[in-house]
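Me: Hey, I've got a new model open and could use a quick tour. Can you walk me through it?

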Amino acid sequence: MTSPSPISALIAPVTPLQQNCTIVWCNKTLRAAIIDPGGEYNRLLKIIDDQGLQLEKIWITHGHADHAGAAAALRDITGLPIEGPHPDDKFWIDRIPADAARWDMAGARDFEPDRWLHDGDTVTVGEATFEVIHCPGHTPGHVIFFHREARFAQVGDVLFQGSIGRTDFPRGNHDDLIASITGKLWPLGADVQFVPGHGPASTFGAERKTNAFVADKVLGRKG
């Protein structure tokens, strides 16, 4: 992020799959959004309280249980709205309880978002505005959240350090995923720092150079 940045972010891995729940907040107002609360909502609320933040929104990148399983419980406790994902992921949200049982994610529930998100939408927290970009491939309704001024993105399971999202799930599509990464993420800029759904953060520029699946040299593209 640029310094001083209008936003800050904190990563809190949750669930047995160590999914990167990301707490982002507006530095001016200390109002926060929680991105992909897959589980352990009591610990997440304590982290937010310890940081002196006021939770304002619940944002979801896609409907997999490890990313969205605790969204309903958080909404029940806080009364705050759930925004996202794209409506094409409704079938994934509907199957959260069954999928969560396979991965020992007790208490994960399905839900209806207060607001479905589409490509080109924006979401706000405090005085900060994030762009919503629909990036299908891993799931059909996957979205990412991008703060242009801070050069920061939370990309869920679209892209990882050194890897990309799986496409062998129902309605996954490898060609769509590659198109999302190269056609929607790369144009945002090589300097953009991103938090993936699992594992360490990276930059788009680093992945264009070294990622075994989508580096420019791997795809035969010029940088």
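Reply: Here is a short walk through the sheet, a helix, the aromatic rings and the cysteines. Keep in mind that this is a predicted model.

Me: OK, let's start at β6. How many bridges join it to β7?

Reply: Four bridges, with β6 and β7 running antiparallel. One of the pairings sets Val-125 against Ala-128 in β7.

Me: What's between β6 and β7?

Reply: Two residues, and the strands form a hairpin around them. Gly-126 sits in that turn with a positive phi of about 60°.

Me: Then on to β8. How does β7 join it?

Reply: Again antiparallel: β7 covers residues 128–134, β8 covers residues 143–147, and four bridges join them. Val-132 stands opposite Phe-145 of β8, while His-134 has Val-143 in β8 as its bridge partner.

Me: Is β7 mostly covered or mostly open?

Reply: Mostly covered, as five of its seven residues are buried.

Me: Switching to helices. Which residues of α3 are buried?

Reply: In α3 (residues 71–78), the buried ones are Ala-71, Ala-72, Ala-73 and Leu-74.

Me: What do they pack against?

Reply: There are strands and helices on that list: β3 (31–35), β4 (54–59) and β5 (82–83), along with α1 (41–50) and α2 (65–68).

Me: And what follows α3?

Reply: Gly-79 does, and its phi is positive, near 75°.

Me: Now the rings. How many aromatic pairs are there?

Reply: A search of the whole structure turns up six. One of them is Trp-92 with Phe-169, an edge-to-face pair at 6.0 Å centre to centre with 85° between the planes.

Me: Where do those two sit in the chain?

Reply: In distant parts, 77 residues apart. Trp-92 belongs to helix α4 (residues 90–94), and Phe-169 lies in the loop between β11 (163–164) and α6 (174–185).

Me: Which rings form a cluster?

Reply: Trp-59, Phe-130 and Phe-145 form one aromatic cluster.

Me: What about Cys-135?

Reply: Cys-135 is in no disulfide either, and its nearest cysteine sulfur is that of Cys-21, 19 Å away.

Me: And why do Cys-26 and Cys-135 count as buried?

Reply: Because the cut-off for buried is under 20% relative accessible area. Cys-26 comes in at 3%, and Cys-135 at 0%.

Me: Nice, that gives me a starting picture. Thanks!

Notes: Residues are numbered from 1 along each chain as its sequence is written. This is a predicted model: local features need pLDDT of at least 70, side-chain atom pairs count only at pLDDT 80 or more; totals for chains, interfaces and linings use all residues. Side-chain values use heavy atoms; hydrogens and water are left out. Buried means under 20% relative accessible area, exposed over 50%, partly exposed in between (1.4 Å probe, protein chains only). A disulfide is a pair of cysteine sulfur atoms within 2.5 Å. Two strands pair if DSSP finds at least two bridges between them. Rings of Phe, Tyr and Trp (its six-membered ring) pair if their centres lie within 6.5 Å; planes under 30 degrees apart count as stacked, over 60 as edge-to-face and the rest as tilted. Contact means heavy atoms within 4.5 Å.
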